[in-house]
Amino acid sequence: METFAGPVFASLRGSLGMTEQEYQQSLCSENCYLQFISNSKSKADFFLTVPYRIRASCRASCRASCRASCRASCRASCRASCRASCRASCRASLYLPCVYPVSTLCLPLVRNDKRFFLKTQNKREIKFLLANLNIYMEHLKKYPHSLLVKFLGVHRIKIPHRRKKYFIVMQSVFYPDDRINSRYDIKGCEVSRWTEPAPEGSQIIVVLKDLNFEGQYITLERQRPWLLRQVEIDTHFLRRLNVLDYSLLLAHQPLHHDERHQSLSFATLIMRTKKSVNPGSSPVHAGIAAVPGAVPEDDSILLLSETNDSCLTQSQRVASSGGSLQTCLEHSGPGSDAAELPDFRAQNRRLLPNLKNPVHVIDGPEQRYFIGIIDIFTVYSFKKRMEHLWKRLRHPGRSFSTVSPQSYYVRLCHWVEDHTK
């Protein structure tokens, strides 16, 4: 297996609290991938990693039962069938059937944490990512709480007598998903944006689309301005890359009673504040390796100059669900991080929850939301321009995904604004 830009992705993994041993075990151990069904137009393959401890215990139990059942018979004749039945029983005990109707992200019902997500990419998409890796890392440094999907590695494998396979490793936006009850893939348009939900009581997980979400809202209250601002920042960045057709992933689960009415103790506030402002949470402080190529103009200055004062004031007021981040820093005394508060505001930081995958988790009054932006490889090329003209003729007066990056950016921001409260 060949790795691209290894030191850069290693620094990003470290900033997310991920050890190299954990990453390598997820990639290299046998029986560690779940492949699932998708109707992806790109014909990409999708895989989900299984934690090493679960794989090991599953294999051990399968081998034990397999040996017991096969000991009485001829070992030479039953070895092949025994292996096959062992693998089948192992998979059956771990995985439930699943069908996924979108190309972005759909997660199987599996008894594991489903933290890492793998997707095959073509050579052009890999080249695009590596060519813009410097800009991507700079964006994460300027906005540590960005909703953009976190790429953890780019690899290539060579299979004898077959073409080379490229794949990327990402951290799942829907992690942990043990209580998630609805998942959506949002593009902000209407053409081909309806998916038939799974039958009631079915074990199949279906990721729904824009039209399925109509009539619903993301209820965040005091954290709503933060979300609007961060979506604007991230989609503006993607507009600069001249890309379109990316998706806003959205999932939600009900909060338990104790989660809705928990009191924020001083110790908890300090811990969450340290998580939110900790330099290690941003790749800029994680010993990032240099990436070839020049870094373009500072897009944080560009973005701040394009927003009005009222929008900036809103983002300052909602650094936390109740302003706790700002209050804690302001009262932390001389020599503390309070002196750096303007930087935190410009970076649009918020008070992160004390949970796994905190950057993509936002709690509202009644629901916990998982939000992230994925599929950022589609460039507005000549082919896409022709597709746009064709769709205008075929779908007059209706919105569709293939539009200019500027129109796509504005439309998705408006969708989020219209569907949040």
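1. Helices α6 and α8 lie roughly antiparallel to each other, since angles over 145 degrees count as roughly antiparallel and the axes of α6 (residues 133-142) and α8 (residues 224-240) cross at roughly 165°. The two axes come within 12 Å, and the crossing is right-handed. On α6 the contact is made by I135, Y136 and H139; on α8 it is made by I233, D234 and F237.

2. The structure is a predicted model. Its average pLDDT is 74, and 60% of the residues score at least 70.

3. Two stretches call for caution. Where pLDDT is low, the predicted coordinates should not be read in detail.

4. Strand β4, spanning residues 116-121, is mostly covered, with six of its six residues buried. In a regular strand the side chains alternate between the two faces of the sheet. For β4 both faces are covered: one side carries F116, L118 and T120, the other F117, K119 and Q121, and all are buried.

5. Strand β6 (residues 165-171) runs antiparallel to β4 and is joined to it by six bridges. Within that pairing, K119 of β4, a buried residue, has I168 of β6 as its bridge partner.

Methods. Residues are numbered from 1 along each chain as its sequence is written. This is a predicted model: local features need pLDDT of at least 70, side-chain atom pairs count only at pLDDT 80 or more; totals for chains, interfaces and linings use all residues. Side-chain values use heavy atoms; hydrogens and water are left out. pLDDT is the predictor's confidence in each residue, from 0 to 100. Buried means under 20% relative accessible area, exposed over 50%, partly exposed in between (1.4 Å probe, protein chains only). Helices (H or I, at least four residues) and strands (E, at least two) are DSSP runs, numbered from the N terminus. Two strands pair if DSSP finds at least two bridges between them. Axes are lines fitted to C-alpha atoms, for helices over the stretch in contact, and angles run from 0 to 180 degrees between N-to-C directions. Angles under 35 degrees count as roughly parallel, over 145 as roughly antiparallel, 65 to 115 as roughly perpendicular and the rest as oblique. A crossing is left-handed if the near helix is turned anticlockwise from the far one by less than a right angle, and right-handed if clockwise. Contact means heavy atoms within 4.5 Å.
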